[in-house]
Amino acid sequence: MLGKLVGAAAGLALVASTANADDYIYNEHPDTYRWYEPGLTTGFGLGVQLGGGVTGFTGSTMRDSVNGDVGGLWDVRVILGTHLPLAFEAAYLGQSAQISTFDAPTGTLLGSTAEGDLRWNILPHYLFTPYIFGGAGYQHYSVSGVRVADVGLSSTDNLVEFPMGLGVSWRDPSGFTADLRGTYRQTIDQHLVENPNGTAADLSWWEASASVGYEF
């Protein structure tokens with residue numbers, strides 16, 4: 001009987017010791033790079049976000065063709081590992097900009113992008129989480145409202161793009177999130193617009209955006 005009591009006491013002491021250790025790591029040391037987040041249902045952080053912002057081309061040919069130099073952007077994003085050191089993001093983005101080339105009437109340039117990236121959460125267990133990211137994606141452009149044959153435009157184009165950038169995410173303890181990010185996208189294999197020298201105009205572009213969402 002005495003042996004059973006001693007064993008039970010030892011077991012309770014072990015549980016208490018483990019709980020205290022967990023409290024020490026999770027609550028007093030949020031900078032610990034653990035691969036588990038006890039405050040979330042999933043234990044790793046599954047986030048869904050909706051957002052919007054502004055975009056602009058970095059190449060002079062496309063920048064001069066966009067009225068006002070900037071266009072609009074909207075996106076939906078799914079993040080696996082919002083509070084792990086390394087996360088994966090999958091996103092769909094839409095773009096819209098008013099363009100004019102030479103003396104052509106104003107037209108509309110629409111873009112659709114599907115991309116994925118790896119994201120390093122620098123402080124994954126803080127309420128404010130700065131991060132950097134990089135990845136790859138597929139982009140489709142279409143032009144409407146102008147006679148493309150008259151102004152040196154193609155009606156559509158498909159290309160590969162490589163997003164890279166940084167941001168900061170804020171999490172409310174209830175699970176709601178807010179996010180700010182800046183992104184540069186390098187593009188290759190583009191043929192939408194030709195420069196005067198016959199080369200393809202660069203379609204690389206930047207993004208500044210904000211989003212809100214929820215994580216589980």
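How many bridges join strand β2 to strand β3, and in which sense do the two strands run? Nine bridges join β2 (residues 71-80) to β3 (residues 86-99), and the two run antiparallel. Strands are said to pair if DSSP finds at least two bridges between them.

## The model and its confidence

This is a predicted model, in which local features need a pLDDT of at least 70 and side-chain atom pairs count only at pLDDT 80 or more, while totals for chains, interfaces and linings use all residues. Residues are numbered from 1 along each chain as its sequence is written, and side-chain values use heavy atoms, with hydrogens and water left out.

The pLDDT is the predictor's confidence in each residue, from 0 to 100. Its average over the chain is 83, and 80% of the residues score at least 70. Residues 2-26 have a pLDDT below 50, and this stretch has nine contacts in the model beyond near neighbours in sequence. A contact means heavy atoms within 4.5 Å.

## Overall layout

The chain has three helices and eight strands. Both kinds of element are DSSP runs numbered from the N terminus: helices are H or I with at least four residues, and strands are E with at least two. From the N terminus on, the order is α-β-α-β-β-β-β-α-β-β-β.

Of the 216 residues in the chain, 39% are buried. Buried means under 20% relative accessible area, exposed means over 50%, and partly exposed lies in between (1.4 Å probe, protein chains only). Among contacts between residues at least 6 apart in sequence, 63% join residues at least 24 apart.

On to the next pairing: β3 and β4 (residues 107-121) are joined in the antiparallel sense over 14 bridges. Here Gln98 has Thr108 in β4 as its bridge partner.

Phe88 lies in β3 and is partly exposed, with a relative accessible area of 38%. Leaving aside neighbours within four places in sequence, Phe88 is in contact with Val78, Ile79, Leu80, Gly116, Asp117 and Leu118. Phe88 and Asp117 are 29 residues apart in sequence, yet 5.9 Å apart in space from C-alpha to C-alpha.

## The nonpolar core

A nonpolar core is a set of buried Ala, Val, Leu, Ile, Met, Phe, Trp, Tyr and Cys residues joined through side-chain atoms within 4.5 Å. The largest one here has 19 residues, and those with the most contacts inside it are Phe57, Met62, Leu109, Tyr141, Val143, Leu192 and Leu203. Strands β3 and β5 (128-144) each supply at least two residues of this core. The largest share, four residues, comes from β3.

Phe57 touches residues from several places along the chain. Leaving aside neighbours within four places in sequence, its contacts are Met62, Arg63, Val66, Leu109, Tyr141, Leu203, Ser204, Trp205 and Trp206.

## Aromatic rings and charges

A pair of aromatic rings is described by the distance of the centres and the angle of the planes. Rings of Phe, Tyr and Trp (its six-membered ring) pair if their centres lie within 6.5 Å; planes under 30 degrees apart count as stacked, over 60 as edge-to-face and the rest as tilted. The structure holds four such pairs. Tyr131 and Phe133 have ring centres 6.1 Å apart and planes at 40 degrees, so this pair is tilted. Tyr131 is buried, with a relative accessible area of 1%, and Phe133 is buried at 7%. Phe176 and Tyr214 form an edge-to-face pair, 5.1 Å centre to centre with 80 degrees between the planes. Phe176 lies in β7 (residues 176-188) and Tyr214 in β8 (residues 205-215), so the pair ties together parts that are 38 residues apart in sequence. Ring pairs link Phe176, Tyr214 and Phe216 into a cluster.

A charge sits over a ring if NZ of Lys or CZ of Arg is within 6 Å of the ring centre and within 35 degrees of the ring normal. The charged end of Arg119 sits over the ring of Tyr131, 3.9 Å from its centre. Arg181 lies over the face of Phe133, at 4.7 Å from the ring centre.

## Arg185 in β7

Arg185 is placed in β7 and is buried, with a relative accessible area of 1%. Not counting residues up to four places away in sequence, Arg185 touches Leu93, Glu115, Glu161, Phe162, Pro163, Ser204, Trp205 and Glu207.
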